[in-house]
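Dear colleague,

Please find below the structure that I am handing over to you.

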Amino acid sequence: MALKLPDSGAEILADGRRMVPSAARNAGPILEVLQGLALKGRLLEIAAGSGLHAAVMAGPLGVEWQPTEVDPGNFGSIRAWAAEGGGRILPPVQLDATAPGWGAGIGLWDAVLLVNLLHLIPRTAARVVLAEAAQALAPGGTLCLYGPFLREGRATSEGDAAFDRSLRAQDPAIGYKDLDWVLGLLAEAGLAARVVEMPANNLMLLARRGSWENPPRAGNPG
Ligand SMILES: C[S@@+](CC[C@H](N)C(=O)[O-])C[C@H]1O[C@@H](n2cnc3c(N)ncnc32)[C@H](O)[C@@H]1O
């Protein structure tokens, strides 16, 4: 079932790029957090959507960026944004991040980025996404999860509560996930997480194997 989301009516530009207002708004703050990590190497993006984030961030971050998406209908926009954007953006690859097993077969990545998916899928699917993404991390790699979360079971604003209700009305299995529940899954996957407050009540969860004080070095999976 196609979900009705605030950005469902995104504008399509003449060259095929889909202009998604929420992605345009959060790209700058997300980029700022990722720049603080001094990422190197290769980044795997899950649920790339329009492809706008790759175009804005790949150049400034200096990473090779692999967009993936479950819906090949997004590939035209991802390619069009990649042609506009700076940096090395690889052609999009189809990936259902909720399908068990992909993490072992997709290679190892210095960063895995997931923006605004967990609230749109059931808890069982979110559990798979996080476990598989953890497996796809290279030694010292960082999982970067951005989105809206419940805190101690509650939404942090009336707008968030209304959006969460609208999601659950469309499918009772989906909706905002609780921060502590997600942190628990990351811990189960062997990842230590940091929580960064982002604009509009969103959070960025940054998760690595080992502790943040002593991240494992390349060649030492720990
Ligand atoms: C709200 S959009 C976010 C897109 C993009 N990350 C952004 O922030 O602009 C959610 C995206 O998740 C994708 N998606 C939904 N289910 C997925 C799955 N099982 N695996 C991978 N992507 C999925 C949708 O096709 C859609 O592009």
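Sorted by class, the residues that line the largest pocket are 27 nonpolar, 15 polar and eight charged. In this classification Ala, Val, Leu, Ile, Met, Phe, Trp, Tyr, Cys and Pro count as nonpolar, Asp, Glu, Lys and Arg as charged, and the others, Gly among them, as polar.

This is a predicted model, in which local features need pLDDT of at least 70 and side-chain atom pairs count only at pLDDT 80 or more, while totals for chains, interfaces and linings use all residues. Residues are numbered from 1 along each chain as its sequence is written, and side-chain values use heavy atoms, with hydrogens and water left out.

The pocket

The volume of the largest pocket is about 1,500 Å³. On a 1 Å grid over the protein atoms alone, a pocket is an open set of points with protein on both sides within 12 Å along at least five of seven lines, a cavity is a set of points where a 1.4 Å probe fits but cannot get out, and lining residues have an atom within 4 Å of a point. Grid points are joined across faces, edges and corners, and a volume is the space filled by probe spheres set on the points.

Of the 50 residues that line the largest pocket, L5, S22, N116, H119 and L120 lie nearest its centre. Two or more lining residues come from each of α1 (21–36), α2 (52–61) and α6 (158–170); α1 gives the largest share, with five. Helices (H or I, at least four residues) and strands (E, at least two) are DSSP runs, numbered from the N terminus.

The ligand

The ligand sits in the largest pocket, meaning that more than half of its atoms lie within 2 Å of the pocket's grid points. It is surrounded by 17 residues, the closest being A47, E69, D96, A97 and V115; a residue is near if one of its heavy atoms lies within 4 Å. A polar side-chain atom of D96 is 2.8 Å from a nitrogen atom of the ligand, and a backbone N or O atom of V115 is 2.9 Å from a ligand nitrogen atom.

The cavity

By the grid rule there is one cavity of 30 Å³ or more. The largest cavity has a volume of about 60 Å³, and strand β8 (residues 137–147) gives the most to its lining, with three residues.

Yours sincerely

Notes: A polar contact is a pair of N or O atoms within 3.5 Å; within protein, one must be able to donate a hydrogen and the other to accept it, and residues adjacent in sequence count only if both atoms are side-chain atoms.
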